[in-house]
Amino acid sequence: MRLSKLPIATLRETPAEAEIVSHRLMLRSGMVRRLASGLFTWMPMGWRVARIVERVTREEMERIGAHELLMPAVHPAELWRESGRWQDYGDLLLKMRDRGEREYCFGPTHEEVVTDIARRELKSYRQLPVSFFQVQTKFRDEIRPRFGVMRSREFLMKDAYSFHLGEESLREVYGHYREAYKRVFERLGLKYRVVQADSGEIGGSRSQEFHVLADSGEDLIAWCDGDDFAANLELAPALPPEGERAAPGAAMSEAHTPGMRTIRQVAAHLDRPAEDCLKTLLVKAEGGGVAALVLCGQHEVNELKATALPEVAKPLQLANAQEVAQAASCPPGFLGPVGLRVKTYVDHAAAHRANFVCGANRRDKHLVDVNWGRDLPEPETADLRNAVEGDLSPGGGGTLEIARGIEVGHIFQLGDKYSRCMNAAVLDENGAERHMQMGCYGLGVTRTVAAAIEQNHDERGIIWPEAMAPFSVVLVALNAARDENVRATAEQLHDSLRSQGVEVLFDDRDASPGVKLADADLIGIPHRVVVSARGLVACFVRAGTSALTLPPILPEKGGGEWLQLCA
């Protein structure tokens with residue numbers, strides 16, 4: 001493709017609305033253009049990359065026997081009312097009416113539609129298991145679209161659905177999809193992790209997310225290469241510390257801590273590390289009243305774990321000042337477990353501390369050198385906190401690392417959540433009617449493009465993994481309009497590379513060398529061939545990509561081998 005024929009306008013300045021690296025670089029390189037809030041036009045260069053992701057994904061879906069179809073983007077409200085999600089899905093669901101005042105929505109996902117297909121088309125267990133997939137536009141009415149195509153309202157997604165007679169078949173095919181997704185991201189050249197996840201509004205008994213690792217990722221994940229453990233931080237267990245708790249030391253005493261309500265203030269005032277200072281949180285209890293959660297000062301309470309406790313209200317809510325005063329006769333900031341007469345749960349790490357500091361349940365007072373079993377009863381323990389780097393891995397293979405990730409795929413074991421409420425059933429081998437078990441498997445095509453940029457860029461622009469690059473080579477002719485030899489050499493190289501099946505972006509524009517080279521850096525094609533008046537033909541290879549095997553310079557232009565340089 002000749003760049004002079006491609007309607008692309010690169011930008012030197014970063015648009016004001018761009019918040020993260022991928023958004024900035026996609027706008028500057030001309031990959032996308034904003035139409036309205038959360039709506040983007042994919043320009044030719046960007047669409048080439050999206051189609052690569054789509055192609056690789058489609059190949060892996062067909063490899064595991066999934067059948068491609070295309071379902072309507074607009075869904076009748078009746079289907080969503082059957083599943084109970086017309087109201088439950090919330091304001092993310094874009095609702096509309098046709099000229100006959102019939103209600104519809106623009107599909108954010110297709111569980112209802114595909115379940116309707118299954119109940120019409122599948123009648124016998126002999127037709128199972130079966131999988132369907134599509135690559136199609138989705139719409140979710142985000143309250144605050146941001147980060148470009150990373151969190152847009154309209155996006156391209158591959159969604160797949162499987163149907164089974166029993167749970168064993170569901171688990172087997174779920175495993176096939178997990179391996180297929182791993183192959184997709186490996187083929188695209190992305191660093192990723194598969195993590196245990198919460199099923200959210202989709203529902204089901206088990207789900208896993210696929211995260212592309214990037215410093216700008218919204219999600220925190222905990223992982224350990226030693227045992228292949230990985231999970232969203234909110235789901236990662238924080239194991240009890242190993243070994244015996246230290247023996248009690250000095251007798252418990254009271255310290256004056258005027259106005260010191262935070263762990264940092266108390267630790268500094270008493271010259272103690274934060275992990276020696278326990279914090280007590282009062283939260284609303286199920287059925288009224290309050291309950292107490294006790295953690296080490298450096299740890300954060302995990303909302304999912306806390307709300308799983310039998311006496312903690314859902315969602316997790318801190319007690320207000322009046323409730324704190326009623327329970328402990330002190331203001332927030334001076335709470336402690338000693339003498340506290342409410343249901344109390346103590347995190348494993350906090351229960352392992354000896355000679356600790358805690359609130360005295362009196363204004364401006366804390367207790368020092370407090371010990372479980374001596375100054376207060378042995379506690380009821382639970383996992384209450386977010387895991388931190390260095391914690392023991394649940395798999396026993398070492399310690400946890402914490403990284404940021406961008407979710408690009410999510411797979412679910414749905415069970416009969418949709419088939420039961422929508423009465424999607426088949427006859428089993430005994431002639432009995434059974435609701436089918438379902439799996440659901442989503443992969444964000446356009447989101448994967450943005451995630452790849454977040455993971456692969458430098459100060460000059462995008463650095464595409466070779467498998468995702470819109471072109472294999474960018475051919476840059478410097479001052480070709482004023483030098484016939486440069487122009488002729490570049491044309492012959494262009495034709496030679498194309499004849500060998502190499503996808504070439506030929507920068508034949510009448511632009512300055514600086515503009516051409518800056519645009520080549522910005523667009524991020526891994527290999528760059530430069531032809532200049534000095535007779536030097538050089539192949540530049542961006543850091544992190546392999547050298548490209550290219551033919552010798554044409555004999556009539558002087559012969560010689562390609563000069564391989566790493567920029």
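Q: Hi! How are α2 and α12 oriented to each other: roughly parallel or roughly perpendicular?
A: Roughly perpendicular, because their angle falls in the 65 to 115 degrees class (under 35 is roughly parallel, over 145 roughly antiparallel, the rest oblique). This is a predicted model, where local features need pLDDT of at least 70, side-chain atom pairs count only at pLDDT 80 or more, and totals for chains, interfaces and linings use all residues. Residues are numbered from 1 along each chain as its sequence is written, and side-chain values use heavy atoms, without hydrogens and water.

Q: What are the angle and the distance between the axes?
A: Helix α2 (residues 44–63) and helix α12 (residues 445–455) pack at about 115°, with axes 9 Å apart. Axes are lines fitted to C-alpha atoms, for helices over the stretch in contact, and angles run from 0 to 180 degrees between N-to-C directions. Helices are DSSP runs of H or I with at least four residues, strands are E runs of at least two, and both are numbered from the N terminus.

Q: Which residues meet there?
A: From α2, V49, A50, V53 and E54 meet V445, T448 and V449 of α12, with contact meaning heavy atoms within 4.5 Å.

Q: New topic: is strand β8 mostly covered or uncovered?
A: Mostly covered: 10 of the 11 residues in β8 (residues 154–164) are buried, meaning under 20% relative accessible area with a 1.4 Å probe, protein chains only.

Q: And which strands does β8 pair with?
A: Strand β7 (residues 130–139) runs antiparallel to β8, joined by 10 bridges. Strand β23 (residues 437–444) also pairs with β8 in the antiparallel sense, over eight bridges. Pairing takes at least two DSSP bridges between two strands.

Q: Which residue is the bridge partner of K158 in β23?
A: That's L443, while Q134 has D159 in β8 as its bridge partner.

Conventions
Buried < 20%, exposed > 50% of the residue type's maximum accessible area, 1.4 Å probe, protein only.
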